[in-house]
Amino acid sequence: MLLVYMSITGNVRDFVERVDMKSYEIIPTNPFHEVFEDYIVVVPSYENMITEDVSDFIDYKGNIAYLQGFASSGNLNFDDLYCVNAKELSIKYNKPLIFTFEYAGTDKDIEYFKKEVNSIAVSTITV
Ligand SMILES: Cc1cc2nc3c(=O)[nH]c(=O)nc-3n(C[C@H](O)[C@H](O)[C@H](O)COP(=O)(O)O)c2cc1C
């Protein structure tokens with residue numbers, strides 16, 4: 001499973017590096033990159049701009065076919081807007097919001113997320 005992510009101030013990048021799986025960082029100035037394997041998108045939360053850049057990536061060529069779901073970093077002080085972009089993307093693309101965490105996530109968050117990703121990877125293997 002590939003982790004496709006965006007990070008503005010580094011928290012999501014830090015999380016993804018600690019998860020230690022194959023990853024690709026979406027570059028906001030050029031989100032048009034083609035992938036050929038299943039992926040989960042990990043995003044920070046900043047309202048509009050994240051949703052647009054991530055949508056550009058997902059809608060590029062055949063990328064949508066490999067999308068498995070979303071995870072998100074946010075800050076619970078934002079209340080109803082907690083992880084707002086990932087919630088919007090999950091609805092827009094009808095794929096699950098697998099996990100949310102604050103800032104760069106705790107070690108427990110990393111452990112839990114890895115388990116979730118592995119169970120998705122197993123369930124999507126076709127025989
Ligand atoms: C200007 C600004 C707006 C933010 N808006 C939200 C928000 O709407 N919802 C939320 O859950 N977190 C919000 N956050 C918190 C960030 O999403 C959070 O710190 C995240 O870990 C940043 O990830 P990054 O360092 O990878 O960019 C905001 C932070 C900043 C600085």
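**Close-up views of the ligand site**

**View 1. Residues in the shell around the ligand.** Sorted by class, the shell around the ligand comprises ten nonpolar and eight polar residues, with no charged residues. In this predicted model, the ligand is surrounded by 18 residues, and the closest of these are Ser-7, Thr-9, Asn-11, Tyr-46 and Ser-73.

**View 2. Polar contacts between the ligand and the protein.** The side chain of Ser-7 places an N or O atom 2.6 Å from an oxygen atom of the ligand. Backbone atoms also take part: a polar backbone atom of Val-12 is 2.8 Å from an oxygen atom of the ligand, and a backbone N or O atom of Asn-75 lies 3.0 Å from an oxygen atom of the ligand. Of the 650 Å² of accessible area that the ligand has on its own, the protein covers 80%.

View 3. The ligand sits in the largest pocket, which has a volume of about 270 Å³.

**View 4. The lining of the largest pocket.** The lining of the largest pocket is made up of 19 residues, among which Ser-45, Tyr-46, Ser-73, Gly-74 and Asn-75 lie nearest the centre of the pocket. By class, this lining divides into ten nonpolar residues, eight polar residues and one charged residue, whereas the shell around the ligand has no charged residues.

Notes: Residues are numbered from 1 along each chain as its sequence is written. This is a predicted model: local features need pLDDT of at least 70, side-chain atom pairs count only at pLDDT 80 or more; totals for chains, interfaces and linings use all residues. Side-chain values use heavy atoms; hydrogens and water are left out. A residue is near a molecule or strand if one of its heavy atoms lies within 4 Å of it. A polar contact is a pair of N or O atoms within 3.5 Å; within protein, one must be able to donate a hydrogen and the other to accept it, and residues adjacent in sequence count only if both atoms are side-chain atoms. Accessible areas come from the Shrake-Rupley method with a 1.4 Å probe; for residues, only the protein chains shown count as cover. On a 1 Å grid over the protein atoms alone, a cavity is a set of points where a 1.4 Å probe fits but cannot get out, and a pocket is an open set with protein on both sides within 12 Å along at least five of seven lines; lining residues have an atom within 4 Å of a point. A molecule sits in a cavity or pocket if more than half of its atoms lie within 2 Å of its grid points. Ala, Val, Leu, Ile, Met, Phe, Trp, Tyr, Cys and Pro count as nonpolar, Asp, Glu, Lys and Arg as charged, and the others, Gly among them, as polar. Grid points are joined across faces, edges and corners, and a volume is the space filled by probe spheres set on the points.
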